[in-house]
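I opened the model today to look up a few places in the fold. My notes follow in the order I took them.

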Amino acid sequence: MSGTVIEVSGLNKQFVKDDIGVVALRDFDLEIAEGTFVTVLGRSGCGKSTMLNLVAGLTTPTSGSVSYRGEPISGPRTEMGYLTQSDTLMPWRNVRRNVELPLEIGGVPAQRRRERAAELIDKVGLQGFERHYPRELSGGMRRRVSLARMLAGDPETLLMDEPFGALDAQLRGDLQAELLRLWEDSGQTVVFVTHDIEEALLMGDRVVVLGRIGRVVLDRPVDLPRPRDADELRVDPVFVALHRELTEAVREGAR
Ligand SMILES: Nc1ncnc2c1ncn2[C@@H]1O[C@H](COP(=O)(O)OP(=O)(O)O)[C@@H](O)[C@H]1O
Ligand SMILES: [Mg+2]
């Protein structure tokens, strides 16, 4: 583990809607260390997606700066993969062709693309579905495809915006466990946004709790051993105490 990968400093973002300014983020600072899994927890509307879009280079700040390994971010970077809150699979491409997309963009030859896609489809448990189209898949399977597509770009940093938020509890649990398995020993840096306290604790090395307009209410390490098992964690006294602390922080953030 070494150094800072992402550095956000004095970030402000204001949207204008019907001539009225809406402040989504105010004076937001964040530093992400290499190889860490950081969860950002907060209620709906507190600016989580706005912040992630800025880090991903998809939007520009009203003021303040975001840098990646010391370089100012001025647009999307291939080192960062982004799993958005909503589905962005291409409906006219089957699973394999969706997963191949970042490789196509990167100019990887067809044969190599196909091999890499097959490997990733296998990794996320979708072997046999290569030729299915998104509309022929369940919500959980589509999330798996999105995950595989993000990994196909071989990103060193993963940005994830409530990636499993729309799934039922059982499926969410499966995908959380799979993501942790894929991440462990990968050396990848992860910024994972969620509104779910349990998820924030299950996944993160560190949790940052946001209140309104991105005010950082709490920023603390999560001292729970890995690999983590959700069923064991729920009865772990450290987890229970952290859960209580975060619940209080989220509540305070709403004030
Ligand atoms: N494109 C936009 N135009 C106007 N307001 C926006 C836009 N995107 C987000 N907002 C506003 O910014 C605030 C934060 O939104 P968002 O970042 O999506 O929150 P979260 O992801 O935490 O739910 C909200 O008040 C939302 O209405
Ligand atoms: Mg959001």
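**Ligand 1.** This is a predicted model. I began with the shell around ligand 1, where E1, E2 and H1 each supply at least two residues. The largest share comes from H1, with three residues. I listed the residues around the ligand: Phe 15, Lys 17, Val 22, Ala 24, Gly 42, Ser 44, Gly 45, Cys 46, Gly 47, Lys 48, Ser 49 and Thr 50. By type, the shell divides into four nonpolar, six polar and two charged residues.

**The sheet.** Next I traced the strands that E1 and E2 belong to. They sit in an open sheet of four strands in the order E2-E1-E4-E5, and the pairing is antiparallel. Strand E2 (20-33) and strand E5 (71-72) are the edges, each pairing on one side only. I then checked strand E1 (residues 4-17) against strand E4 (residues 63-68) and found five bridges in the antiparallel sense. Ile 6 has Tyr 68 in E4 as its bridge partner. Helix H1 (residues 48-55) lies across E1, E2 and E4 and runs at about 120 degrees to E1.

**Helix H4.** I asked how far apart the end C-alpha atoms of H4 are. They are 20 Å apart, which agrees with the 20 Å that the 14 residues (139-152) should span at 1.5 Å a residue. The helix is mostly covered, with 10 of its 14 residues buried. Just after H4, Asp 154 takes a positive phi of about 50 degrees.

Glu 162 is not a glycine, yet its phi is about 40 degrees, positive. Glu 162 is in the loop between E7 and H5. Is Glu 162 buried or exposed? It counts as buried because it has 20 C-beta neighbours inside 10 Å, and 20 or more is the cut-off.

Ile 213, also not a glycine, has a positive phi of about 40 degrees. I found Ile 213 in the loop between strand E9 (206-210) and E10. With 19 other C-beta atoms within 10 Å, Ile 213 is partly exposed.

Last, I looked at a cis peptide bond, from Arg 226 to Pro 227, with omega near -5 degrees. Pro 227 lies in the loop between strand E10 (216-221) and helix H7 (230-233).

Technical notes
Residues numbered from 1 in each chain as written. Chains lettered and ligands numbered in written order. Predicted model: local features only at pLDDT ≥ 70, side-chain atom pairs only at ≥ 80, totals over all residues. Expected span 1.5 Å × (residues − 1). Buried ≥ 20, exposed ≤ 12 C-beta atoms within 10 Å, placed from the backbone. Pairing = 2+ DSSP bridges. Contact = placed C-beta atoms within 7 Å. Axes fitted to C-alpha atoms, helices over the stretch in contact; angles between N-to-C directions. Near = placed C-beta within 6 Å. Nonpolar A, V, L, I, M, F, W, Y, C, P; charged D, E, K, R; others polar.
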